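Trainee: I would like to learn how to read a protein model. Please start with the whole chain and then move on to a sheet.

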Amino acid sequence: MPTAHEDFQPVKSAGRTLDLLELLADQPQPWTLVDLARALDIPKSSLHGLLRTLTSRGWVRTDDTGTRFRLGMRALRVGAAYLDGDDTVGLLGGVLDELSRRFGETVHLGRLDGDQVIYLAKRESAHRLRLYSAIGRRLPAHATALGKALLAEHPDQAADRMLTWPLPRLTPNTVTDRRTFHTALAAVRAAGYAVDREENTEGIMCIAMAVPLATPAVDAVSISVPLTRLQPDLETAIVAALRETLGSLGRARSMLTA
């Protein structure tokens with residue numbers, strides 16, 4: 001007898017709607033109807049009706065000419081509701097504040113989502129020269145300290161299945177070779193933290209540690225530092241601070257709702 005999962009048939013219109021919204025979120029430049037139809041492989045006639053419906057509900061907005069489309073304000077409502085209802089984001093607010101106060105550098109809370117990491121929260125650097133980032137931004141997990149810290153929570157074969165091969169190269173330092181990447185994950189497991197040395201953004205080093213609120217961990221905290229401000233003892237101090245602030249969080253698991 002077929003299981004409920006085997007019986008499932010996706011609703012085509014719903015799938016198209018979500019594909020459209022995700023494209024507008026991932027690439028937030030203005031889109032024409034023709035470009036959207038080509039990118040999504042949806043007939044223009046079908047896409048036109050879908051855009052009109054979403055525009056009338058505030059999920060999509062247009063420019064003054066009505067010919068270019070972007071994500072609408074209603075999407076912000078849903079994204080904010082997700083963060084407001086996430087226990088981990090609220091629980092770690094004080095940790096992010098403390099790390100930001102101590103180092104004055106950009107601090108991120110990130111969550112693994114397939115082969116990418118999503119920024120859930122951040123604290124801005126106190127310096128003019130800083131890493132550009134935004135809550136909700138998605139980055140390839142293999143090229144970030146956050147991602148490597150979380151991928152290292154899994155055996156190599158499981159981590160491989162979570163990634164999309166061949167791995168894209170973001171900078172000359174991005175690790176894309178499978179064997180080298182496995183070696184990097186082994187180093188993360190041995191050290192208890194991950195380092196991104198210009199693998200995602202040239203001129204920036206990030207140090208990250210998994211948040212011990214689940215096994216395997218799904219969230220991690222990172223601190224990003226421009227190389228021009230990287231003093232000899234700063235990396236050691238950041239690792240010690242991450243261990244201090246995150247090490248006791250295992251006791252907080254019972255505070256989280258299922």
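Mentor: Of the 258 residues of the protein, 42% count as buried; buried means under 20% relative accessible area, with a 1.4 Å probe and protein chains only. This is a predicted model, where local features need pLDDT of at least 70 and side-chain atom pairs count only at pLDDT 80 or more, while totals for chains, interfaces and linings use all residues. Residues are numbered from 1 along each chain as its sequence is written, and side-chain values use heavy atoms, without hydrogens and water.

Trainee: How many helices and strands are there in the protein?

Mentor: Helices (H or I, at least four residues) and strands (E, at least two) are DSSP runs, numbered from the N terminus. The protein has eleven helices and nine strands.

Trainee: How do strands form a sheet?

Mentor: Strands of a sheet pair through backbone hydrogen bonds, either parallel or antiparallel. Two strands count as paired if DSSP finds at least two bridges between them. Here six strands make an open sheet in the order S6-S5-S4-S9-S8-S7, and the pairing is antiparallel.

Trainee: Why is one side of strand S6 and of strand S7 left without a neighbour in the sheet?

Mentor: Strand S6 (138-140) and strand S7 (194-197) stand at the edges and have a single partner strand each, so one side of each lacks a neighbour in the sheet.

Trainee: Which strand is joined to strand S4 by seven bridges?

Mentor: Strand S5 (residues 116-123) is joined in this way to strand S4 (residues 106-113), and the two run antiparallel. As one example, Gly 110 has Tyr 119 in S5 as its bridge partner.

Terms used
Buried means under 20% relative accessible area, exposed over 50%, partly exposed in between (1.4 Å probe, protein chains only).
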